[in-house]
Amino acid sequence: MADCVRTTCPYCGTGCGVIAERREEDWTVRGDPDHPANHGRLCSKGTALADTLALDTRLLHPMVDGRRVDWPHAIRETASRIRSVIDRHGPDSFAFYLSGQLLTEDYYAANKLAKGFLGTANVDTNSRLCMASTVAGHRRAFGSDTVPGCYEDLELADLVVLVGSNLAWCHPVLFQRLKAAREERGTRVVVIDPRRTDSCDIADLHLPLAPGSDVALFNGLLVHCEQAGVLDADFLAEHTNGFGESLNAARADAAQVAQATGLDENDIARFYALFASTDKVVTVFSQGVNQSSAGTDKVNSILNIHLATGRIGRPGMGPFSVTGQPNAMGGREVGGLANQLAAHMGFDPESVDRVRRFWNAPNMATREGLKAIDLFRAMDEGKVKAVWIMGTNPAVSLPESELVRRALAKCPVVIVSDCVAENDTLRFAHIKLPALAWGEKDGMVTNSDRTVSRQRPFLPAPGEARADWWALAEVARALGHGAAFDWSGPEAVFREYASLTAFENDGSRDLDLGPTAAMDYDALVPFQWGRKRMFGDGRFYHPDRRAKLVPVRFRPPRDKVDDVYPLRLNTGRYRDQWHTMTRTGLSARLAGHRSEPLLDIHPADAERAGLRDGRLARITSRLGECIIRVRVTGDQPEGQVFLPIHWNDSFAARAVVGRLVAAHPDPVSGQPELKHMPVAATPFATSWAGVLICRDLPELGDIPWWSRHASAGSQVVELAGNSADQVKSLLADLDGIEGLTRLEVEDKGRRLGRYAWLKGDSLVAALYVEPDRPGLARSWVAGQIASSLDAPAARAALLAGQAPTGQADQGRIVCACFSVGLNTIEGAIRDQRLTSAAEIGAALQAGTGCGSCIPELKALLHVQNMKAEKAPSAAA
C-alpha cells in the first residue's frame, strides 16, 4: 500500500478530508488542504485518529455460538438462520439495523438484499436517532430529502442562527469556518439552545429557550416577518403552496412565545428584528431540533420561515441541517431507512415498479418497514425473530435501553457485524462477523452538504476482517441470489447504485449520480451532487414543482416534570468522544478532556438536592437509574440537567443514559425524544473512593460504581463503594495474579491505603483508597505502568501518588490536539503572565489546532485573573 493516502474522517457529518502518512512503522494523520469540507483543518478527534489503529480490541475472526469458525461456515449459518426464520414466520420477521458509519456500498448491499430479495422493508439505522426528522421535514416541504445549501454559505451569510446545535463541540471544523467568517466580515451569530455551550463563545445573542419550544419561537418569527413586510410575496405566489394555512397556525402560537419558550421578551424582539432585517441568513440546526417527539414540526417551522422570505437557494442563505455521522447522508440517499425505498424514492407504486425492474427483484417490498423504536418493540413482542446489526451499538444508543436489551436477549437470531470484539450489543450476538475499520475500508461517504468523498484503505485487513458489502453479497449468494450480487469490488457496487439514481430519472428526482457511474472510481475526487445550491430556480420536487409550507403548532414534550421527578434531562455529546466510544475510548488524549461522564446541574438545583460538586449522584427516572459524578455549573439552566450519551457498560458501571430515557417517537419521522426526560437527582452515599491504575482490568463486579479511561498505555479506573468488603475483594483479586509482589502503606485510623503490584521491579498495578476521592497525580502514575521501580525513592513516590520533584504532572487534557494539560496551562498563565488565548497558543500550542478548547482557555484566564485580583487583599 502507498505511504501517503487521501481518505475521509470517520466521525461527524462534516466529512473532512484526511491525509494518512507512514512514518517508519507508524502512521500519522493531518487534514487534507485540498478537501472542500475542511481545507486542511481537523478537530481533536480527527487529529487523534492515528491513536486508534491498534488491534487490541478488534474482532478478527467469525464467531458462531461462541466458537471461532471460518467464513464459509459463518456465511452458511447466517444464511440458513435467516432463511429458516423467514420461511416459518414471513419476511417481516427479519430486520437489518444499520449505521451511519457504514459506507455507501455497504448500505446499498443491505438495502437491496432486504427490499428486493427478502421482501421486507425492515431496514433501519441509527441515523433514525440523528436526522430522521430532517428527512421527513425536507420531504414534506421540498418533495425530496434535499439539503439546499453548502458549507460556503456559512462564510457568506450576514447572520447565522444555530438552533439545537453545539457546533463548537459536535462539528468543530464548521465552527472554525464560521468563527473565521465572523472575524473577517462581522457575521452575526445567534445561538438558540437551552444550555450555554462553547458555541456561545462567538454569539451576539444566546436564547436559552425551554426544551421543545422551538416551534413556538419560529412560528412567532413567521408572524413577525409578515408584520414587518419582509416576506417574499412573489416567491410565495410562484413557487409555494400552504402559506395561508401555515401563517394562521403560526398566529395561534405567536401570542404565547414568551410563555412557551421561557425567554425574555426583549431578547425575542431582538432576535426577530435581527432576522427580519438581514437578507443573508443561514439557519443551522441539528440534534436539538431533530431529537424530539415534535422534531419534524420543528424542522418545518424553520423551513417555513426560509420559504416565506425566499431565503433559500442563494449564496449565504438557507436552512442547513448538519448531520452527526460520516455517512448518514449516504444512507439516506441509498434508501437505508425503513420509510424509504432506494435512491430517494419512496414506496409509491411507480417507484416500487421502477426499482423492481432495475434490480430484477423477485420479492420486492411494497410498503414501509419498522422504524428503529418500533423494530425493537416488535422484537420484544416476538414479532421480529432475526436481526442483523451492522456497525452500531443499540443496547447503549437507543432510548429505553432495558427494553432493547430484553428484546435482544429474546431474539432467536442476532447477527452482529462489527470491528470490535466486545460491546454491550455484541454480548447478545449468536453470530459475530468481523468487519473492516477505518483505515481498512474502501468506499464512498456523503457529508452534510452533499459532498461525496472516498474512504480509502491504507492498512491491510487484519485477521479475517472483511468488507460489509462483501459479507452481505456472500450471504445473498448462499440464499440463492448470487447473480444479483456478483460484485467484483466496491467499485462495482457504487456503479450499480449510481446507475439506479439515474434510471428513468430525467430530472424528476433530485439525486442523480449517473455521470459518476462511468468515471474512474479510484480517481474520483470529492464532488457535490446536484447543484451547489438547490432550489435557486424555485423548482422543487413535489409533483407540481412547488414547495409546501406546512402548518405546525407548538406541542410541549410528552413527559412532564413533577414533585417526584422535578428536573428535565437533556442529553448530548462531549467534545472529544464519539457515540459509544469504541474508537475514541482507545485514545488517552481524547479521554483527558472529560475522563468520565458528568451530571451538569445548576447551583440552585444542586443545593436543593443536597448535591456537591465532584461527588456522586443517583439520577432516576420512571424507567431506570444512573450513577454519575456531579458538575455544578451556571452554564446549565435551573430546572434542567445534562448527561453525555457515550458511556456504556464497558466503560462504566452505571452510566448508560438510555436506561433513563423514554422512547417517545415523533409521529411523522419516528425519531425518538432524547432532549427531555423528567428525572430526580439525589446523593449517592459511599464509604470509600479509590483509583486503580493498571494495564489489564480485574473483575469489578462487586463495586457499585466505577468509570475507566485510557491513559498512557494503561487504564485509570475511578472507584467508589459502600463496604470495606468491596476493597478487600479487589485486593484479593489483584493479589491472586501469579508472580506479583505487593507493596503497601496503610493508615487504618484514617482509612487510607496505598498499594502497588510489581513483577520483579516492573509496575503492574497501583491502587489508592481513601474515604473521599483520592487526590493524586493520575497521569504521572499511569505513565509508570511497566516502568522499573527499583529505587526506594521511586517506590515511595508511587505509593504517595505524587510525581517526584522535577517530574511534572500536567493534569487533565484541555487541548487534545496537542495533548496540553490543565496544570501546564495554569502554570504558564501564572509564570509567563499570559493574558489571552492567542498568547497561550504561542507559548504551548494549545488552541492552535481545531480551536475547540479556546473557550476553556478563556475561562482559565478569567479564573486566574480573579485569583490575581484577590491575591493582594488575601495577603493583607
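**View A. G310, just past helix α14.** Just after α14, G310 adopts a positive phi of about 70°. The helix itself covers residues 295–309, 15 residues in total, and stretches 22 Å from first C-alpha to last, close to the 21 Å expected at 1.5 Å a residue; that expected span is 1.5 Å times one less than the number of residues. Helices here are DSSP runs of H or I with at least four residues, strands are runs of E with at least two, and both are numbered from the N terminus. 15 of the 15 residues of α14 are buried, so the rest of the structure largely encloses this helix. Buried means under 20% relative accessible area, with exposed being over 50% and partly exposed in between (1.4 Å probe, protein chains only).

A note on the model: it's a predicted one, so local features need pLDDT of at least 70 and side-chain atom pairs count only at pLDDT 80 or more, while totals for chains, interfaces and linings use all residues. Numbering starts from 1 along each chain as its sequence is written, and side-chain values use heavy atoms, leaving out hydrogens and water.

**View B. The second largest pocket.** This pocket has a volume of about 990 Å³. A pocket is an open set of points on a 1 Å grid over the protein atoms alone, where a 1.4 Å probe fits, with protein on both sides within 12 Å along at least five of seven lines; lining residues have an atom within 4 Å of a point. The volume is the space filled by probe spheres set on the points, which are joined across faces, edges and corners. There are 35 lining residues, and T57, L586, F651, R708 and Q715 lie nearest the centre. The elements giving two or more residues to this lining are β28 (705–711) and β29 (714–721), with β28 giving the most, four residues.

**View C. A seven-strand open sheet.** Its strand order is β5-β4-β16-β15-β14-β6-β7, and the pairing is mixed. β5 (67–68) and β7 (123–125) are the edge strands, each pairing on one side only. Strands pair if DSSP finds at least two bridges between them; β6 (residues 94–98) and β7 run parallel, joined by three bridges. Look for L98 opposite T125 in β7.

**View D. Cysteines without disulfides.** Searching the whole structure turns up zero disulfides, a disulfide being a pair of cysteine sulfur atoms within 2.5 Å. For C9, the nearest cysteine sulfur is that of C43, 5.9 Å away. C9 counts as buried, at 7% relative accessibility.
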